[in-house]
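This report covers one protein model.

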Amino acid sequence: MPLLSPSFAALAALIAILLLVPLNMLFSKKWDPRGKHCFITGGSSGTGLQLAIQLAKRGAHVSIIARDKGRLEKALEEVECARQNSAQVFGAYSFPVDSEEGSAAALKAAADPHGGRCPDALFLCAGMSKPGFFIEQTGETLRNGLQITYGAQAFSALAGAKEMVKQGIKGKIIFVSSVLGFMGIVGYSNYTPGKFAIRGLAETLHSELMLYGIDVHISFPATIFTPSYVEENKIKPKITLKIEETDGGKSPEEIAASILKGIEKGNFHITSDILGDIFRGSTAGSSPRNNYLVDLVYGLIGYIGFPIWRKSVDSMVIAHRGEHQAYLRSKGIPEHLTF
Ligand SMILES: NC(=O)C1=CN([C@@H]2O[C@H](COP(=O)(O)OP(=O)(O)OC[C@H]3O[C@@H](n4cnc5c(N)ncnc54)[C@H](OP(=O)(O)O)[C@@H]3O)[C@@H](O)[C@H]2O)C=CC1
Ligand SMILES: CCCCCCCCCCCCCCCC(=O)[C@@H](N)CO
């Protein structure tokens, strides 16, 4: 009698394959952007612009949305250089997307050259960060922070989902959060909450929009070397800059490529580097996983590594108290508010 019957061995092999290979890769066809209309908010700069260029190179129709017309025009020229065929339609549209009206108007303007047909994929990259200490915030800056992180993507998703459902388009919605949608550190009180909120919305929509065959993805990049990263660093608290030194950072080209790769693999949570993978594996909870076995390994690395990292971050913050007190005095924060 053999130790393993052939049917048992076959069953064991099948289970091993199912555990190792993500289910979505076994059963779904790779997403091909060729001939699809991709709508990209924040498409005039950084990650959004690189997505626009890479999608154009792969034969997609591309619409980029942002507010500043000058930057949009320059960006459109770059997209044009990536053209593969004369049938591709490229457009740049100036709208603020942090309201439902602005988002709906942007969507309508982008759909017009396509006979009113809603775009097939919405890449929601609009967003920005103005780091600073919490006690320097006001009701207005906290509200603005949520508006420009959460609002700038939620309202586009809302306008887009309504239109896709109305037109029966089985499209895609891709949100761009940040590793600061997984965890929080000093200096980001008007940004991190919005990036967490995007994760909540994406997970809700991943569950709800399958009613209509619409796919939802969310990306969590760490530092990206973009124009606004240079700007945010000018006002970023020194302690925040120090904590971020651990993160090497990536170019917007690399982040855009990893987002497209994540979509092709059918990943719900898309991460672009090992740090992101560890945060993803450690915080997944009941979120759909990319690969049960590999994610478990990332989760274990985080389970051991994060308490050590967090302790070192806490020590850095406490060691910064003296410098912070001097900073507060220089800003005229009354003595009794300091420590
Ligand atoms: N850079 C980084 O280190 C990281 C960035 N991210 C996130 O990635 C996304 C892209 O950032 P990044 O690649 O740095 O890009 P940039 O900051 O360089 O570009 C931001 C884009 O969004 C547009 N935008 C901003 N606000 C609005 C608005 N209200 N309505 C319409 N368009 C708007 C800007 O154009 P305009 O101002 O003309 O409207 C611009 O095109 C953001 O959501 C950001 O939070 C995540 C992790 C790290
Ligand atoms: C084993 C575990 C080791 C863990 C090391 C963790 C290091 C974390 C570094 C923090 C990176 C913050 C990037 C912020 C990106 C962003 O969204 C802003 N630039 C805003 O635009």
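Axes here are lines fitted to C-alpha atoms, for helices over the stretch in contact, and angles run from 0 to 180 degrees between N-to-C directions. The model is predicted.

**Helix 3 and helix 4**

Helix 3 spans residues 46–57 and helix 4 spans residues 69–81. Their axes come within 8 Å and cross at roughly 25 degrees. Angles under 35 degrees count as roughly parallel. Helix 3 and helix 4 are therefore roughly parallel to each other. Their crossing is right-handed. Helix 3 brings Leu49, Ala52, Ile53 and Ala56 to the contact. Helix 4 brings Ala75, Glu78 and Val79. By class, the contact of helix 3 with helix 4 has six nonpolar residues, no polar ones and one charged.

**Helix 5 and helix 6**

Helix 5 (residues 100–111) packs against helix 6 at an angle of about 50 degrees, with the axes 8 Å apart. That angle makes helix 5 oblique to helix 6. The crossing of helix 5 and helix 6 is right-handed. From helix 5, the residues in contact are Glu100, Ser103, Ala104 and Leu107. They meet Phe155, Ser156, Leu158, Ala159, Gly160, Lys162 and Glu163 in helix 6. The contact of helix 5 with helix 6 has five nonpolar, three polar and three charged residues.

**Helix 11 and helix 12**

Helix 11 covers residues 274–283, and helix 12 covers residues 292–319. Their axes come within 7 Å and cross at roughly 100 degrees. Helix 11 and helix 12 are therefore roughly perpendicular to each other. On the helix 11 side, the contact is made by Ile274, Asp277, Ile278, Phe279, Arg280, Gly281 and Ser282. On the helix 12 side, Asp295, Tyr298, Gly299, Ile301, Gly302, Tyr303, Phe306 and Trp309 take part. The contact of helix 11 with helix 12 divides into eight nonpolar, four polar and three charged residues.

| Pair | Axes | Angle |
|---|---|---|
| Helix 3 and helix 4 | within 8 Å | roughly 25 degrees |
| Helix 5 and helix 6 | 8 Å apart | about 50 degrees |
| Helix 11 and helix 12 | within 7 Å | roughly 100 degrees |

Seven strands form an open sheet in the order 3-2-1-4-5-6-7, with parallel pairing. Strand 3 (90–94) and strand 7 (269–270) stand at the edges, each with a single partner strand, so one side of each has no neighbour in the sheet. Strand 6 (residues 215–219) runs parallel to strand 7, and two bridges join them. Ser219 stands opposite Ile270 in strand 7.

Helix 6 (residues 139–167) lies across strand 1 (37–41), strand 4 (121–124) and strand 5 (172–176). Helix 6 runs at about 180 degrees to strand 5.

**The record annotation**

An unreviewed UniProt entry places the feature "transmembrane region" at residues 6–27 and 173–191. In the model, residues 173–191 are 0% helix and 21% strand. The end C-alpha atoms of residues 173–191 are 21 Å apart.

How values were computed: Residues numbered from 1 in each chain as written. Chains lettered and ligands numbered in written order. Predicted model: local features only at pLDDT ≥ 70, side-chain atom pairs only at ≥ 80, totals over all residues. Heavy atoms only, no water. Pairing = 2+ DSSP bridges. Helix = DSSP H or I, 4+ residues; strand = E, 2+ residues; numbered from the N terminus. Contact = heavy atoms within 4.5 Å. UniProt positions renumbered as here; feature names shortened; annotations may be inferred. Parallel < 35°, antiparallel > 145°, perpendicular 65-115°, else oblique. Left-handed = near helix turned anticlockwise from the far one by under 90°. Nonpolar A, V, L, I, M, F, W, Y, C, P; charged D, E, K, R; others polar.
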